[in-house]
Amino acid sequence: MREQLTALFWLTVRDPGEAAVALMSRPVPRNVGWMILALGIVLNALAHFATLTLFPAPAELNVPFLTAPFLYTTILGCGLVLLVFSFYWGGRAIGGRGRFDDVLLAIGWLQYMRFAVQLASLLLMLAMPGLALIFVMGAGLYSIWVVLNFINVIHGFNSLGKAVMLVLITMLGMTVGMTMLLSLGAATAIGMS
């Protein structure tokens, strides 16, 4: 199993489209897909707080939800669940043929990829901080390419343009939704009803 996951990791790095095909060829039950996603969320939260422990943020940049473990994990989890549904329904709305379970498994798998990047960047920050910043920026940009290829393959678009459109619409919708949600939370916090 370890060798298969390692091979899938490097395939995702080398050829994201082929990695998506490989992932879809091994369907898992939906409840297992949710567990994969949940574990990915917890691992990413642990990596985030390990980084904050070793490299604390300056007090003026202290954002409460980034430093409260339960709140951070909850917001990360809700955002990713929303992303799964958005990529599924949004893709179907523009002619995609993807299955919900495939989208769920893909987003779950990408969390493990993100976890590996976080660990690598943490090690680089300890050894070569300047290189760590370049690595994180490069990995962030490349992750967009990976997501586009996964969405393209899962929905059978045969066009990265449709995948780009889906990602942009999803990000815009999630930004508006999260802004409204945070505004309601802030209004409640200061006593407005």
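Contact here means heavy atoms within 4.5 Å. The model is predicted: local features need pLDDT of at least 70, side-chain atom pairs count only at pLDDT 80 or more, and totals for chains, interfaces and linings use all residues. Residues are numbered from 1 along each chain as its sequence is written, and side-chain values use heavy atoms, with hydrogens and water left out.

**Stop 1: Ile36.** Select Ile36, in helix α3 (residues 30-54). Helices are DSSP runs (H or I, at least four residues), numbered from the N terminus. Beyond its neighbours within four places in sequence, Ile36 is in contact with Leu105, Gly108, Trp109 and Tyr112. Ile36 has a relative accessible area of 21%, so it is partly exposed. Buried means under 20%, exposed over 50%, partly exposed in between (1.4 Å probe, protein chains only).

**Stop 2: α1 and α6.** Show α1 with helix α6 (residues 100-127): they pack at about 85 degrees, axes 11 Å apart. Axes are lines fitted to C-alpha atoms, for helices over the stretch in contact, and angles run from 0 to 180 degrees between N-to-C directions. The pair is therefore roughly perpendicular, a term for angles of 65 to 115 degrees. Leu5, Leu8, Phe9, Thr12 and Val13 of α1 meet Trp109, Met113 and Ala116 of α6.

**Stop 3: Trp10.** Stay on α1 and pick Trp10. At 49% relative accessibility, Trp10 counts as partly exposed. α1 (2-14) and α7 (129-155) each supply at least two of the patch residues.

Key. Parallel < 35°, antiparallel > 145°, perpendicular 65-115°, else oblique.
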